[in-house]
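Please walk through this model with me, from its annotated site to its cores and salt bridges. Keep the structure open as you read.

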Amino acid sequence: MDSKKLTSSSGAPYYEHQDSQTVGSRGPVLLQDFILQENLAHFVRERIPERIVHAKGTGAYGKFTVTHDISKYTKAKLFSQVGNSCKMFARFSTVGGEKGSADTARDPRGFALKFYTEDGNWDLVGNNTPVFFIKDAKKFPDFIHTQKRVPRTNLKSPTMMWDFWSLNPESLHQVLILMSDRGTPYGYRHMHGFGSHTFSMINANNERTWVKFHFKTKQGIKNFSNDDATKMAGENPDFAQEDLCNAIDNGDFPKWTMYIQVMTEEQAKEFRWNPFDITKVWSQSEYPLIEVGEMELNEVPINYFAHVEQSIFSPSNLINGISFSPDKMLQGRLFSYPDAHRYRVGVNAHQLEVNRCPFAVNNYQRDGFMADSSEYKDKPNYHPNSFDDIQPDSSYKNFEYELDSNHVANYNRNENDDDHYTQPGLLYTKAMNQEARENLVKNIIDHMSGIDGPKRDEIINRQLCHFFRANIELGMKVASGLNINIDSNMMNHSK
């Protein structure tokens, strides 16, 4: 068959790809060699800013299928009947590391899902943990700074991490999960996923319920031990990427079952804790899991950069019948995620293949970097107008509701909501078996042993008080492993 011609980016065929145009065989290179210029100029622009968090990750396309009826909770068309399905895209990631970091680092894992539905793209941007370190987005930059690098040495710092955690007891629940073997999952296929935040569902009668999303792996939970995770980081830092791609290429398509927990507005008012606090979970014995559907990943993207690196997710990408909640972390993410993508990928990132709604986008956004007019062509860029047929549909009106208070203030996030210890204690005593508890203690001791500097003892003692308040046995074992003498003041402070 005929071979294709080598061309420039403008489509002009050319021949000399290997040798620059010069004055004589050993002479200087000429500026007029536009192919040299074009290739070098494109090369140094092949990267976009990496994500501040979730920089290292992988992704795959797949399919979501509704297996159980939840239409009494939501009017979302996707969930209108059993058997409905849609194409989807998933991106998994570590959180604190850079793009070149190891997949097996001790870190939460991002669990970001994009559902391409007929009512628009729905993004569920969560983690492999049901809780998080902080409950107010205002604290997020400071928290992430502690998980990154010290400005002076550009090194990771256990001192910085534990200093922040010890000063923020709301972090304890997530810290215990992070320091357990769940902090080093065996790739992405063997971990659960969570929407983490509380969301809402609106049904056809315009009734609202609060929901949490769960995705349980059908491959079974599997974690690395701390030693094995460290070893794998040296042998194959791209282990999770390779594991997912190989499984899909071999036809071993990973699957997850989607569940929801449901809480009525009346139940939320009587709930022991703030139901919108992302540092807390809802007991599954009180609010049982309701099965919804199945997610299957079955296609490795043809080009990693185009589909995975340029993929964008935002919890503000919601569909009719699914909405937000007063969760302060979620409220902050509604702004920060799309803002990050406009900076990192561009104002028209939603027009890229991986991010584009495959059904219809009808609005009056125009122009900007990398604008693609193939869909809107010469349609008017203002509303109302006399020329197009776009009409707002009243059936998609926002849910209307009354607020409990109209008093504006900077409320202390922990006022009347400062129980940071009951749920971590239950995690240790009820959710973990003896082996998991032993591994947790060992991992904490190993990590806290890296705390150094003049504030070392102060930081350790402060954190030990949190451990004691969650569970006396946990505090004693960690203290013993760190060779800390326990005095009565510490024990009394922990009560």
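Buried means under 20% relative accessible area, exposed means over 50%, and partly exposed lies in between, with a 1.4 Å probe and protein chains only. At 14% relative accessibility, histidine 54 therefore counts as buried. The model is predicted, so local features need pLDDT of at least 70 and side-chain atom pairs count only at pLDDT 80 or more, while totals for chains, interfaces and linings use all residues. Residues are numbered from 1 along each chain as its sequence is written, and side-chain values use heavy atoms, with hydrogens and water left out.

Start at the annotated site. The UniProt annotation "active site", from an unreviewed entry, covers His54 and Asn127. UniProt positions follow the numbering used here, feature names are shortened, and annotations may be inferred rather than shown by experiment. The two residues span 74 residues in sequence, yet no two of their C-alpha atoms are more than 10.3 Å apart, so they gather at one spot. Histidine 54 sits in the loop between helix H1 (34-43) and strand S1 (57-66). Helices (H or I, at least four residues) and strands (E, at least two) are DSSP runs, numbered from the N terminus. Asparagine 127 belongs to strand S4 (residues 120-127). With a relative accessible area of 11%, asparagine 127 is buried.

Which residues surround this pair? Contact means heavy atoms within 4.5 Å. Leaving aside neighbours within four places in sequence, histidine 54 is in contact with Arg91, Ser93, Thr94, Val95, Gly110, Asn127 and Tyr337. Under the same exclusion of residues up to four places away, asparagine 127 touches His54, Arg109, Gly110, Phe111, Phe132, His192, Gly193, Phe194 and Ser196. Serine 196 deserves a look. Its phi is positive, about 65°, although it is not a glycine. Serine 196 lies in the loop between strand S5 (193-194) and S6, and is buried at 7% relative accessible area.

Next come the salt bridges. The term covers a side-chain nitrogen of Lys or Arg within 4 Å of a carboxyl oxygen of Asp or Glu. By this rule the count comes to 24 salt bridges. Lysine 56 and aspartate 103 form one of them, at 2.9 Å from N to O. Lysine 56 lies in the loop between H1 and S1 and aspartate 103 in the loop between strand S2 (85-94) and strand S3 (109-117), so the pair ties together parts 47 residues apart in sequence. Both lysine 56 and aspartate 103 are buried. Lysine 56 also forms a salt bridge with aspartate 238, the closest N and O atoms being 3.0 Å apart. That pair links distant parts of the chain, 182 residues apart, with aspartate 238 in the loop between helix H5 (226-235) and helix H6 (239-249). Aspartate 238 is partly exposed, at 38%.

Turn to aspartate 417. It lies in the loop between H9 and helix H10 (422-431). Lys135, Asp277, Lys280 and Asp417 are linked in a network of salt bridges. Aspartate 417 is buried, with a relative accessible area of 9%. Beyond neighbours within four places in sequence, its contacts are Lys135, Trp273, Asn274, Asp277 and Lys280. The loop between H9 and H10 also holds proline 384. The peptide bond from histidine 383 to proline 384 is cis, with omega near 0°.

Now look inside. A nonpolar core is a set of buried Ala, Val, Leu, Ile, Met, Phe, Trp, Tyr and Cys residues joined through side-chain atoms within 4.5 Å. The largest has 41 residues, and those with the most contacts inside it are Trp162, Trp165, Ile444, Met448, Phe467, Leu474 and Val478. Helix H2 (140-147), helix H3 (158-167), helix H4 (172-179), H10, helix H11 (434-448), helix H12 (456-470) and helix H13 (472-481) each supply at least two residues of this core. Apart from it lies another core, of 38 residues, among them Phe79, Leu124, Val211 and Ile322.

The C-alpha atoms of asparagine 206 and phenylalanine 399 are separated by 7.1 Å, though the residues are 193 apart along the chain. Asparagine 206 lies in the loop between strand S6 (199-202) and strand S7 (208-217), and is partly exposed at 43%.
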